[in-house]
Amino acid sequence: FIEKGEPFFREIERQVVAEGLNRSDGVYALGGGAVLDPATRELLKGVNVCWLKVSAPVAAKRVGLDQPRPVLVGNVRSQMVKLLNEREPLYIEVATFSVDTDEKAPSEVVLDVMAKNQ
């Protein structure tokens with residue numbers, strides 16, 4: 001997928017999101033860039049969407065500073081800040097609620113999501 005570029009990846013991602021939402025009302029974990037596609041954002045309207053908020057330093061630690069990620073070429077920390085700043089308005093647009101995830105274990109995040117989704 002990398003050699004075909006991000007637009008190709010976002011198109012496939014959009015198709016998978018659409019198929020999933022049509023198939024069941026389960027829980028879907030989308031990548032942080034899914035909101036970049038206007039059609040994917042449109043698909044998420046009317047669906048409970050939880051924004052798992054994370055600070056740039058914690059996000060950089062989670063992805064790893066030496067992992068190959070096409071959108072994080074160069075200084076991972078500064079790229080992460082840039083990405084989060086660019087995407088935040090889009091996350092706000094699609095999210096019906098949010099949960100802060102910094103310094104929380106996955107099990108704590110799940111409990112927070114369940115509590116806010118009632």
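Mentor: The expected span of a helix is 1.5 Å times one less than its number of residues. Before that is applied, note that this is a predicted model, in which local features need pLDDT of at least 70 and side-chain atom pairs count only at pLDDT 80 or more, while totals for chains, interfaces and linings use all residues. Residues are numbered from 1 along each chain as its sequence is written, and side-chain values use heavy atoms, with hydrogens and water left out.

Trainee: How many helices and strands are in the secondary structure of the protein chain?

Mentor: Helices (H or I, at least four residues) and strands (E, at least two) are DSSP runs, numbered from the N terminus. Here there are five helices and two strands. Read from the N terminus, their order is α-α-β-α-α-β-α.

Trainee: How far does helix H1 reach from its first C-alpha to its last?

Mentor: Helix H1 takes in residues 6-23, 18 residues in total, and it spans 25 Å, close to the 26 Å expected.

Trainee: Which residues of H1 are buried?

Mentor: Buried means under 20% relative accessible area, exposed over 50%, and partly exposed in between (1.4 Å probe, protein chains only). In H1 the buried residues are Arg10, Glu13, Val17 and Gly20. They lie on the same side of H1, because their arc around the axis is only 90°; the arc is that of the directions from the helix axis to the C-beta atoms. On the face turned away from that buried side are the exposed residues Pro7, Asn22 and Arg23. For the protein chain as a whole, 27% of the 118 residues count as buried.

Trainee: Which residues make up the largest nonpolar core?

Mentor: In soluble globular proteins, nonpolar side chains tend to be buried together. A nonpolar core is a set of buried Ala, Val, Leu, Ile, Met, Phe, Trp, Tyr and Cys residues joined through side-chain atoms within 4.5 Å. The largest one here has eight residues: Val17, Val35, Leu44, Val49, Trp51, Leu90, Tyr91 and Val94. H4 supplies the largest share of this core, with three residues. There is also a second, separate core of five residues, among them Ala59, Val63, Met80 and Leu84.

Trainee: What does Leu90 touch, not counting residues up to four places away in sequence?

Mentor: Contact means heavy atoms within 4.5 Å. On that basis Leu90 touches Val35, Leu36 and Arg41. Among contacts in the protein chain between residues at least 6 apart in sequence, 59% join residues at least 24 apart.

Trainee: Where is Leu43, and what does it contact?

Mentor: Leu43 belongs to helix H2 (residues 38-44). Its relative accessible area is 30%, so Leu43 is partly exposed. Beyond its neighbours within four places in sequence, Leu43 is in contact with Arg14, Val17, Ala18 and Leu21. Between Leu43 and Arg14 there are 8.4 Å from C-alpha to C-alpha, and the two are 29 residues apart in sequence.

Trainee: How many aromatic pairs does the structure hold?

Mentor: Rings of Phe, Tyr and Trp (its six-membered ring) pair if their centres lie within 6.5 Å; planes under 30 degrees apart count as stacked, over 60 as edge-to-face and the rest as tilted. The structure holds one such pair. Its members are Trp51 and Tyr91, with ring centres 5.4 Å apart and planes at 40°, so the pair is tilted. Because Trp51 is in strand E1 (residues 50-53) and Tyr91 in helix H4 (residues 76-94), the pair ties together parts 40 residues apart in sequence. Trp51 is buried at 15% relative accessible area, and Tyr91 is buried at 12%.

Trainee: Which charged end sits over the ring of Trp51?

Mentor: A charge sits over a ring if NZ of Lys or CZ of Arg is within 6 Å of the ring centre and within 35 degrees of the ring normal. For Trp51 the charged end is that of Lys53, 4.8 Å from the ring centre. Lys53 is also found in strand E1 and is partly exposed, at 27% relative accessibility. Leaving aside neighbours within four places in sequence, Lys53 is in contact with Ser98, Val99, Asp100, Thr101 and Asp102.

Trainee: Where is Glu103, and is it buried or exposed?

Mentor: Glu103 is in the loop between strand E2 (97-100) and helix H5 (106-116). At 66% relative accessibility, Glu103 counts as exposed. Glu103 has a positive phi of about 60°, although it is not a glycine.
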